[in-house]
Each structure stands twice: as C-alpha cells, then as structure tokens.
Amino acid sequence: MKNLLFTLLIICSTTAFTQIEVTTITPEIEGSGGLSLDEDGNLYIADFGDFLGMPDPNGLPNHILKMDTDFNITQYATDFIGASGNDFDSNGVLFQSDIRANAIYKIVGGVRTFVTNDGIASPVGIAFDSNDNFYVCNCGDSTIRKVTPSGTSTLFASGSLFACPNGMTVDENDNIYVVNFSNSNIVKITPSGTTSIIANTNAGTGNGHIDYDINSRNLYVASYSGNQIYSVNIDNKEIDVIAGTGIRGNDDGDAATATFSTPNGIAVSVTGDSIYVNCAVPLSGAMINPQVIRLLTGVNSLSVPEYDAFSEVLVYPNPASDVFTIEGVLTDYFGNLNIRIYDIQGKLVKEIAANTSDGLIFKQSIAISELKTGNYLFKISDGSKQIYSGKLIKN
C-alpha cells in the first residue's frame, strides 16, 4: 500500500548497484518474521519465533516491534504464536498473519484483533490491493486466498506454480507477485487470477519476502536460502543480485562484499533508495533468533538519469556542515529546477527551487545546518523528469 501512494519519478538501473551500502542498524532483537513500513517511515517487525519448524518451546507469546526513524525500538503488539507477513490497509491499520494460529489479525491501538481464519492454512505473506481487499499466501496448502473488506474469504489462485507461497506484494495495477519458499520461482497473478512465472532467483529453495517499488518498477526479494537480495524489473523481467556474496554472514559494507544470514523480511522506502532486511544472527543450526535489521542505502545512487542533463557537475564540500553547492554545465536549457533531499529512510527532508537563468551554467548553494548528521540523497528534476542524483554526507 505505502509505495502505491507516491508518484515521484526515480529511474533505477539494475546494472549499477556498486554504491549500495549495507549497515546493521539495530542490536539483536526477536524479530524473524515480515517487515512493513508505514507512511511516516516507521518499520514494523514481526517475530516468527526462534525456530523455523516449531513454536518457541518457552511458550511465551511473540511480539510485533516498531522501530521509528531514529532507530528506537518499542513493542507495538503481542500475543502471536508465529507472526509472519504483514501489510497496511488504506487507513494505516496493520494486518498481521499468524502462521501457527492459522489466522489473520489486525492491530488496533496496539491490541491484536481477530479478522479471519476461513480457508487460512499456515499463512505467511499478505498484501492489500487498491480496493482494500487483502490476499494471503497459504503456505500450508499452497494457495492464495482473497479477503474482502467485509471479511469474506475465497480461493483466489492455486496450482503447481505455488510451492509454499511465502512473500507477497502488489503493484499499482493490482497485479500480485508471490515468492515461494519451497522453490525459487517468482509468480505473477493478474487481477483476474491468471498466474505465470516471471523470474527465478536460482537459489534453490527458500525465498523469504518480497516488496515492490513503484518508482523503479522493481521487485525486491530476500533470498532466504541464497543469502542475497535480488531485484526484478516488472517490465523487462531483468533479474539481478543487488547485494550479498551468497556466503552466510552479517558483514556490513558495500553491496559486493556484504553478507546476509537467511534474510527473510524486506521493506522498501517510499523513494526506493533504502531497503530494510532482517537477518538471523546464528549462522548455523536450527535457531533463527535473535535477528538484526540491516539497511541497504544508495539503491538509486548510481541510477542512470532519464535525461543526461549535465556535461560536468561538481558537489562541494562533501561532507558538508552548513552549506553545500552543486555546480555544473547543462547540456540543454531549462527553466526552474527542483532540488529534493531525502534521508536514508527515503523521507523528503528539504526541497528548494533552483534558478537556471544564467543559461547553461548551473550553480546552487543549499543550506543544510538544520539536518541531522548522516547520509542523504539529493535529486534534481525539471518537474517532468529527473536529471541528476547524488549522495551527500552531513557532518
């Protein structure tokens, strides 16, 4: 739901991810299930439990955690047996599947409220369409259920293409994309229920969850068994590994050398430039808790612009404390340009109009003293197309 509300145009090239950075942003937590972002950039972390195939032996309930944009973590809801996939409806209410209770709940005021168990069999991923119907991945019988806002549950899709359907997301045209846990297929379901395989992560069994970015029209997949993060463009079906060596670990760093340990949940920021993933701290054995949240930033930092507007460009100083300047030579004449600055959660933090009255010479200084220390992404557009993007460090 969250990404379908934004129409900011960001062109993403799946051939240029070498500036993606992977950072661990939390201490160890109990949070092995799905991830979802609300419209304010808060991350909700479900706890599937300590083991993949059985309830926690301590008999204690599992929680839903909330991480705010300053990375503070609090308990949001509790009383789950195996909290797996989640998603928000159009009113901002979080719906949560519980794989071991065979039921779907919603969370109102921090309290778990029952929604349905009709036809629900070991549910994992859930996702909402534009009409507030939600769909459920039934891992237990390899089917997809549709539940209307009134609570009516019906079979929506089934067949041999599904093998413990695990993660699910929806695009702006209400096409559904599902990843299987028992094979590496990515399955598309049209609004009429027609199914087809659009890609394969070629990682054996065990895809985790999936999320869609409307800006780049990319799907992002957490490969649970492959220990990597994939992108799939829904238009040309091009599939790429965007981060992870494939070796199990939790090493931070650039995308080419970073490692992931059974990544499961995945959530993409509203601009598509940041991706959250949860990873198991244990690197072997049956335990999947504790977990840490990993943040991939700069997903669009090397994006090929829709229009190559600069023959040369310089950003200085970078890092900057109070003011930074963008200076360059344009290849065409523009009117007024917009400069937008986003934080690493993808939230717009500053926007200014840049005057290009001096012809092809572009120079704009931007005050940033009010911004917090950290990494930012800036984008220049002429209102109809993005013409440049870059990274800024605020010190």
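User: Is aspartate 79 buried, exposed or partly exposed, and why?

Analyst: This is a predicted model. The class follows from relative accessible area: under 20% is buried, over 50% is exposed, and partly exposed lies in between. Aspartate 79 has a relative accessibility of 47%, so the residue counts as partly exposed. Its place is in strand β5, which covers residues 73-80.

User: What is the phi of aspartate 79?

Analyst: Most residues other than glycine have a negative phi, and most peptide bonds are trans. The phi of aspartate 79 is near 80°, a positive value in a residue other than glycine. Serine 122 also deserves a look, with a positive phi near 50°. Serine 122 sits in the loop between β9 (111-116) and β10 (123-128). With a relative accessible area of 23%, serine 122 is partly exposed.

User: Where is serine 216, and is the residue buried or exposed?

Analyst: Serine 216 is in the loop between β18 (207-213) and β19 (218-223). Its relative accessibility is 8%, and because buried means under 20%, serine 216 counts as buried.

User: What does the side chain of serine 216 contact?

Analyst: A polar contact is judged by the distance between N or O atoms, with a cut-off of 3.5 Å. The side chain of serine 216 makes such a contact with the side chain of aspartate 213, at 2.7 Å. The side chain of serine 216 also reaches the backbone nitrogen of asparagine 218, at 3.3 Å.

User: Which residues does alanine 309 touch, leaving aside those up to four places away in sequence?

Analyst: They are Val329, Leu330, Thr331, Phe334 and Ile387. Alanine 309 itself is found in the loop between β25 (291-297) and β26 (310-316). Its relative accessible area is 0%, so alanine 309 is buried. As for distance across the model, the C-alpha atoms of alanine 309 and aspartate 174 are separated by 34 Å, and the two residues are 135 residues apart along the chain.

User: How many helices and strands are there in the protein chain?

Analyst: The protein chain contains zero helices and 32 strands.

User: How does the radius of gyration relate to a compact globule, and what are the spans along the principal axes?

Analyst: A compact globule of 395 residues would have a radius of gyration near 21 Å, and the protein chain has 21 Å, which agrees. The C-alpha trace spans about 65 × 45 × 40 Å along its principal axes. Buried residues make up 56% of the 395 residues. Among contacts with a separation of 6 or more, residues 24 or more positions apart account for 50%.

User: What belongs to carbon and sulfur atoms in the accessible surface, and how many side chains are positive and negative?

Analyst: The accessible surface of the protein chain comes to about 14900 Å², and 50% of that belongs to carbon and sulfur atoms. The protein chain has 21 positive and 42 negative side chains. The centres of these two sets lie 2 Å apart.

How values were computed
Residues numbered from 1 in each chain as written. Predicted model: local features only at pLDDT ≥ 70, side-chain atom pairs only at ≥ 80, totals over all residues. Heavy atoms only, no water. Helix = DSSP H or I, 4+ residues; strand = E, 2+ residues; numbered from the N terminus. Buried < 20%, exposed > 50% of the residue type's maximum accessible area, 1.4 Å probe, protein only. Polar contact = N/O pair within 3.5 Å; in protein donor to acceptor, adjacent residues only side chain to side chain. Rg over C-alpha atoms; globule rule 2.2 N^0.38 Å. Contact = heavy atoms within 4.5 Å. Areas by Shrake-Rupley, 256 points an atom, 1.4 Å probe, with all protein chains shown as cover. Lys, Arg positive; Asp, Glu negative; His and termini not counted. Charge placed at Lys NZ, Arg CZ, Asp CG, Glu CD.
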